[in-house]
Amino acid sequence: MKKEIKATQPALIDIEAYIEEIKSIWDTKIMTNNGEKVNKFRQMLMDGIGCDNVDLFVNGHSALLIAIKSLGLKGEVITSPFTFISTTNAIVQNGLTPVFGDIDDSYNLDPASVESLLTDKTCAIITPHIFGIPCKVEEIGQIAKKHDLKVIYDGAQAFGTKVNGKSIAHYGDMTMFSFHAIKVFNSIEGGAIVYRDKALHKLFELYRNFGISYGETENDVDVIGINAKMNEFQAAMGIVNLSRAEEEFALRKRIAEKYCECLKDIPGIKTYDYCEDIDYNYAYFPIKVNDEYGMTRDKLWIKLKENGIGSRKLYDKLACDYTCYKNAGYIRSTRNADKVKEVALDLPMYGTLKEEDVIYICEMIKRFKV
């Protein structure tokens with residue numbers, strides 16, 4: 001029977017541990033609206049990240065949408081085109097104009113591209129740490145300070161990544177994390193905003209609960225909000241999963257190291273150059289399939305699929321090229337991104353992936369070389 005290796009799969013904890021955690025929900029009868037699990041999970045995240053300002057949401061997109069809305073931005077936002085569509089959608093849904101910069105060798109927004117696209121309409125930089133690989137946060141921070149810009153990081157793929165020993169959430173004005181099922185760390189679904197200005201907490205509470213403010217004698221609706229509250233079952237999964245997050249990072253690191261070892265001598269296959277001063281979460285394992293390999297990325301993707309190996313062409317279409325945006329007239333400077341989208345391929349990556357499967361994947365890639 002043909003071996004089958006999935007492209008990704010969720011990190012699931014022992015079911016008995018989850019059952020034990022959710023038992024008290026039947027005692028409190030509270031399933032949502034800032035119950036004890038949500039508050040416990042929030043405190044655990046604050047302690048782990050080393051930040052006093054963390055708020056939880058039903059998913060990462062809602063969190064990013066509200067993060068942007070809370071700052072009352074107007075004008076243009078410089079962003080990366082090489083990202084999941086949520087990043088761009090959240091910008092546009094807030095009435096802002098995306099300006100698509102180029103990416104550098106980290107797959108992230110290039111600070112030099114940011115500099116070249118600045119205008120008097122620029123109000124913020126909103127960009128992802130793609131594949132869990134951090135942006136050049138120091139350089140972006142210097143640009144933002146010089147031009148009085150807000151910085152919001154879409155850290156959907158970057159929970160657990162550290163720069164200079166600090167959580168990636170310590171950079172920028174805000175960082176959003178997604179805890180979707182297939183992320184390195186999950187709470188089934190879920191999201192968080194980590195932020196600097198503690199005064200935003202009240203605003204986040206309003207925006208995620210329809211804008212309702214509760215008074216002693218009557219309630220009111222202060223802002224136009226949405227329903228973005230995390231529920232107790234999500235939080236319980238987050239509580240239990242958080243205890244093994246470091247283990248998951250370590251498992252993925254060993255898998256990445258094995259990939260790098262096995263792929264290093266295959267001409268035309270380029271792995272990412274990991275830096276020693278960064279603690280990666282290894283959310284993905286991206287490679288570039290260059291001309292020297294003798295086969296296009298798309299053909300390799302098909303060959304792997306035919307041999308039971310799941311891989312993903314992330315992102316083979318830039319955000320600015322989707323139907324809803326390609327004719328909108330947005331400024332783009334995407335020369336490198338246009339090249340990378342044709343050659344980038346994500347190989348299977350999850351903590352339970354076996355070393356023998358990594359070796360098999362790499363042997364197949366070597367065998368297919370023309």
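Asp55 and Arg208 are both buried in this predicted model. Their side chains meet in a salt bridge, with N and O 3.2 Å apart. Asp55 belongs to strand β1 (residues 54–57), whereas Arg208 sits in the loop between α8 (200–207) and β10 (212–214), so the pair ties together parts that are 153 residues apart in sequence.

The structure holds 19 salt bridges. Another of them joins Arg297 to Asp298, at 2.6 Å from N to O. Arg297 is buried, since its relative accessible area is 2%, under the 20% limit. Asp298 has a relative accessible area of 34% and is therefore partly exposed. Some salt bridges share partners: Glu21, Glu36, Lys37 and Lys40 are joined into one network in this way. A further salt bridge links Lys270 and Asp273, whose closest N and O atoms are 3.1 Å apart. Lys270 is partly exposed, because its relative accessibility is 35%.

Helix packing was examined for α11 and α14. Helix α11 covers residues 297–306 and helix α14 residues 355–368. The two pack at an angle of about 125 degrees, and their axes lie 11 Å apart. The helices are therefore oblique to each other. Their crossing is right-handed. On the α11 side, the contact involves Leu300, Lys303 and Leu304. These residues meet Met364, Ile365 and Phe368 of α14. Five residues of this contact are nonpolar, one is charged and none is polar.

Definitions and conventions
Residues numbered from 1 in each chain as written. Predicted model: local features only at pLDDT ≥ 70, side-chain atom pairs only at ≥ 80, totals over all residues. Heavy atoms only, no water. Axes fitted to C-alpha atoms, helices over the stretch in contact; angles between N-to-C directions. Helix = DSSP H or I, 4+ residues; strand = E, 2+ residues; numbered from the N terminus. Parallel < 35°, antiparallel > 145°, perpendicular 65-115°, else oblique. Left-handed = near helix turned anticlockwise from the far one by under 90°. Contact = heavy atoms within 4.5 Å. Nonpolar A, V, L, I, M, F, W, Y, C, P; charged D, E, K, R; others polar. Salt bridge = Lys/Arg side-chain N within 4 Å of Asp/Glu carboxyl O. Buried < 20%, exposed > 50% of the residue type's maximum accessible area, 1.4 Å probe, protein only.
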